[in-house]
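Subject: Structure handover

Dear colleague,

Please find the structure below.

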Amino acid sequence: MKPYRLAIVRQKYRPDGGAERFVSRALEALEGENLELNVITREWQGERNENWHIHICNPAKWGRISRERGFARSARELWQQEKFDLVQSHERIAGCDIYRAGDGVHQRWLTLRVQTLPAWRRTLLMNDRYHRYVIEAERAMYQAPQLRAVICNAEMVKREIIENFRFPEEKIHVIYNAIDSSRFLPATPAGRQALRDSLAIPHQAVVLVFVGSGFDRKGLASAIKAIAPTNRYLLVVGQDKNEKQYRELAQSLGCLERIRFMGVQKQTLPFYQAADGLLLPTKYDPFPNVILEAMACGLPVITTPTCGGSEFIVEQESGFICGALDINQLTQAVSAIPSLNNDNKMGELARVRVKDETPARLSQQLITLYKNLLE
């Protein structure tokens with residue numbers, strides 16, 4: 001039987017991105033199925049696989065809106081020309097068959113983001129031409145008759161799509177990201193000590209890890225403020241153009257010597273294994289892969305109710321759910337994370353929770369969805 005031709009659309013593929021990790025895991029999980037796998041992208045920075053057909057679609061751009069609009073137009077023209085059986089877009093492009101809402105709802109993110117801004121900046125942000133373009137592109141996509149299914153990575157996002165766009169609930173499918181628990185493993189006590197030696201962190205210290213780029217949205221300021229009055233250490237894995245101001249914040253709070261800014265890392269596993277818990281007080285995040293990775297490594301998680309990953313956390317058993325700006329609550333949670341060398345019960349429960357979120361399960365859920373649509 002001739003294989004079905006599936007096209008996955010992602011404007012820029014870089015290995016450290018959350019959506020890109022979903023794409024790569026999905027592609028790997030779908031290998032062996034009766035599918036011809038295609039990727040439409042402006043730039044592919046990942047490893048090549050001879051079974052994946054990479055279509056480079058890189059029109060000229062002169063700014064953010066031009067970049068988005070140009071790629072959307074060119075990608076749509078390409079998939080119409082190729083006549084793929086299914087087009088699954090990870091970008092807000094009207095006309096796709098399936099949209100994966102990995103970035104959540106843009107209007108929802110803006111509403112949460114402006115809460116901490118002064119009035120003049122709030123007005124500027126809400127009237128920004130780029131954000132208005134994204135909101136309209138998102139609305140046009142959900143209204144397009146071609147859209148037959150939406151994949152969400154959290155129930156939180158499903159609710160937001162129904163509320164914001166009145167999109168039919170029966171067309172929304174919650175499919176959680178996959179995690180390879182045989183690769184993301186807890187460290188042995190000796191291994192954890194060796195990693196901490198390399199980071200100049202005392203063996204007996206309780207260490208939290210923060211993983212994510214875009215420090216404002218991910219809540220690094222809240223993480224630093226929550227760490228400051230404790231004796232905990234913090235590993236910051238990720239990058240941001242304003243890193244200097246976060247260093248200055250830590251310096252002003254007297255905790256800079258307990259924070260390690262590590263930049264972007266291709267391999268995050270050693271940093272999970274050096275830590276006792278994940279601290280991610282994000283303002284808005286549909287479901288970051290780092291939560292699955294940390295839990296698979298046996299780490300309890302501190303995150304927020306505006307993070308879809310909180311759906312995996314049982315309060316005070318495998319982690320804590322705190323307001324993104326509630327520093328007192330975050331500080332209490334930070335203080336409640338035990339040293340894994342002394343008490344790993346929370347970490348064990350966290351690992352058990354994610355062990356069934358396998359690539360095989362992701363593959364089966366996607367294949368079932370594709371077959372239903374193709375039939």
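Axes here are lines fitted to C-alpha atoms, for helices over the stretch in contact, and angles run from 0 to 180 degrees between N-to-C directions. Helices (H or I, at least four residues) and strands (E, at least two) are DSSP runs, numbered from the N terminus.

This is a predicted model, in which local features need pLDDT of at least 70 and side-chain atom pairs count only at pLDDT 80 or more, while totals for chains, interfaces and linings use all residues. Residues are numbered from 1 along each chain as its sequence is written, and side-chain values use heavy atoms, with hydrogens and water left out.

Helix pairs

The axes of α9 and helix α10 (residues 243–252) cross at roughly 20° and come within 10 Å. That angle makes α9 roughly parallel to α10 (angles under 35 degrees count as roughly parallel, over 145 as roughly antiparallel, 65 to 115 as roughly perpendicular and the rest as oblique). The contact (heavy atoms within 4.5 Å) is made by Leu-220, Ala-221, Ile-224 and Lys-225 of α9 and by Tyr-246, Leu-249 and Ala-250 of α10. By class, these residues are six nonpolar, no polar and one charged (Ala, Val, Leu, Ile, Met, Phe, Trp, Tyr, Cys and Pro count as nonpolar, Asp, Glu, Lys and Arg as charged, and the others, Gly among them, as polar).

Helix α9 (residues 220–227) also meets helix α13 (residues 327–336): their axes come within 8 Å and cross at roughly 60°. This makes α9 oblique to α13. On the α9 side the contact is made by Ser-222, Lys-225, Ala-226 and Ile-227, and on the α13 side by Ile-327, Leu-330, Thr-331 and Val-334. Five nonpolar, two polar and one charged residues make up this contact of α9 with α13.

Loop residues

Asp-97 sits in the loop between β6 (86–89) and β7 (98–100). Its relative accessibility is 15%, so Asp-97 counts as buried (under 20% relative accessible area; exposed is over 50%, partly exposed in between, with a 1.4 Å probe and protein chains only). A polar atom of the Asp-97 side chain lies 2.8 Å from the backbone nitrogen of Val-87.

Asn-177 is in the loop between β9 (172–174) and α7 (189–198). At 4% relative accessibility, Asn-177 also counts as buried. A polar contact of 2.7 Å joins its side chain to that of Arg-100 (a pair of N or O atoms within 3.5 Å; within protein, one must be able to donate a hydrogen and the other to accept it, and residues adjacent in sequence count only if both atoms are side-chain atoms). The Asn-177 side chain makes a polar contact with the side chain of Asn-289 as well, at 2.8 Å.

Regards
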